[in-house]
Amino acid sequence: MSDQIESAAAVMVRDYVVLAFLVSLGSLQLATSISEIRGLWLIPHKQTTRILGILLITLGLAYYILSPLYLEGPWAAGTVIDGTSENRAWGTASIEEISGARNVNDIHGGMAGTAYAIYFVFSAVLATIIAAAIAGIRHRYLGPRTTHKTAHTSTDGLDALKHTDPLTTFTTSLTNLRRGLPLDLERMTQTTHRWSIPAILERTFRN
Amino acid sequence: MLFINGFVGKSALFDHVAKILASDYLMPLAFSTIIFAIWFIGKDISERRLYQRATLIAATAIGFANLAVDIIDSAYDRPRPFDQLADSMTLLFYRSTDPSFPANPMAVVFAIAMAVMLANKRLGWWLMALATVYSILRVYVGTFYPTDVIGGAVIGILGALLAWFVFELMKPVPELVLRLLRGIGVA
């Protein structure tokens, strides 16, 4: 029984990571196409990036919801319809079972809430890194490193990604951070409430 | 509870849709994706900073809400409706083994909706509506009582407000975190 639970857990984690990765990558493409952050686009066209985003989200959901029809897992047999994930047979699900196939209790191989959160963060970070890597390669080998004449060294972070590739953005942002952090810190401190804990600590140690 | 669950079986198609929408994965994934996506949204740096702050507040609020749910769970073990009303209701979901009150998934989605509302009222209201639909569906499939989801919603909203207050109290630390993230090109 415990072997089956372990196998079920592995299948659930694998499929959820695929889902979360595709949905994160799709939503990243959608969001960056709206805010025109070209440095994270997989394809250098705004409309195509938007369509690709919607396709990736749809693909992720279709894979997760429909794959029990084709892939073996802890979702077979009529117990699914009875509303319990206990003692489910291993196999593929029928079309009648598909809506409840993924509703598996965590004690029977499903995922706990914390696991969903951890794997989502992992997948979202992975999606961002892969988007940046693909966009970086595309910039380096297939296009100019700077796509806009307005690009200059004073912009950094995601703003710089509107004009340059991820690698250039990283180095420019890091340089600006090193040079500007003391001034930024001073400005942040000036706009702080009197009752904020860091401000109180700062006053205490100064006196 | 029995009134809402009483509609189970009237439409097989609706029951199938409800089982997918009330699942553990779909709505929490949708809400998580929204707080991930708004990190990259914004016409200019000040608008983006507002949304990025909302993402950080939402993440903190989820932590507070989960902590509150854990504390209440350890003090009060309310049985699930399918255990107490087994003869008069239909269960469309698996038999959860943790306490019924407060509903943890509702605490999470309402915490996110409230955190987003602090940055963008319109999107926040949409998320509140979506979270309410999720709550009703959870009652419909038989995993929670209405008071469980109301309790979860209140905890989520209070968690987001507490996270906002902590962010104000800790100023300028959140701004410094965002500045450091901008320094490596990700904010």
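Figure 1. A:T169 is buried, with a relative accessible area of 1%. Buried means under 20% relative accessible area, exposed over 50%, and partly exposed in between (1.4 Å probe, protein chains only). This is a predicted model, in which local features need pLDDT of at least 70 and side-chain atom pairs count only at pLDDT 80 or more, while totals for chains, interfaces and linings use all residues. Residues are numbered from 1 along each chain as its sequence is written, chains are lettered from A and ligands numbered from 1 in the order in which they are written, and side-chain values use heavy atoms, with hydrogens and water left out. A:T169 sits in helix α5 of chain A. Helices (H or I, at least four residues) and strands (E, at least two) are DSSP runs, numbered from the N terminus. Which residues does A:T169 touch, not counting those up to four places away in sequence? They are A:G157, A:A160, A:L161, A:T164 and B:G185. Contact means heavy atoms within 4.5 Å. A:D159 is ten residues from A:T169 along the chain, and their C-alpha atoms are separated by 8.9 Å.

**Figure 2. A:S99 and chain B.** A:S99 lies in the loop between β2 (89–91) and α3 (113–142) of chain A. A:S99 is buried, at a relative accessible area of 2%. Its side chain makes a polar contact of 2.6 Å with the side chain of B:H16. A polar contact is a pair of N or O atoms within 3.5 Å; within protein, one must be able to donate a hydrogen and the other to accept it, and residues adjacent in sequence count only if both atoms are side-chain atoms. Leaving aside neighbours within four places in sequence, A:S99 is in contact with B:H16, B:K19 and B:I20.

**Figure 3. A positive phi in chain A.** Most residues other than glycine have a negative phi, and most peptide bonds are trans. A:E36 is not a glycine, yet its phi is positive, near 55°. A:E36 is in the loop between α1 (2–34) and α2 (46–66) of chain A. Is A:E36 buried or partly exposed? It counts as partly exposed, because its relative accessibility is 28%.

**Figure 4. Two cis peptide bonds in chain B.** The bond from B:F101 to B:P102 is cis, with omega near -10°. B:P102 lies in the loop between α5 (81–84) and α6 of chain B. The bond from B:K171 to B:P172 is also cis, with omega near 10°. B:P172 is in the loop between α8 and α9 of chain B.

**Figure 5. Helix α7 of chain B, end to end.** This helix covers residues 121–140. Its 20 residues should span 28 Å at 1.5 Å a residue, and its end C-alpha atoms are 28 Å apart, which agrees. The expected span is 1.5 Å times one less than the number of residues. At the start of α7(B), a side-chain oxygen of B:N120 reaches to within 3.1 Å of the backbone nitrogen of B:R122. After α7(B) comes B:G142, with a positive phi near 95°. The buried residues of α7(B) include B:G124, B:L127, B:M128 and B:A131. What covers the buried residues of α7(B)? The cover includes α1 (2–5), α2 (12–21), α3 (26–37), α6 (104–117) and α8 (146–169) of chain B.

**Figure 6. The second largest pocket.** Its volume is about 310 Å³. The elements giving two or more residues to its lining are α5 (166–190) of chain A, together with α4 (45–75) and α9 (173–183) of chain B. A pocket is found on a 1 Å grid over the protein atoms alone: an open set of points where a 1.4 Å probe fits, with protein on both sides within 12 Å along at least five of seven lines; lining residues have an atom within 4 Å of a point. Grid points are joined across faces, edges and corners, and a volume is the space filled by probe spheres set on the points. The lining has 16 residues. A:R187, A:M188, B:R49, B:E175 and B:R179 lie nearest the centre. The lining divides into five nonpolar, three polar and eight charged residues. Ala, Val, Leu, Ile, Met, Phe, Trp, Tyr, Cys and Pro count as nonpolar, Asp, Glu, Lys and Arg as charged, and the others, Gly among them, as polar.
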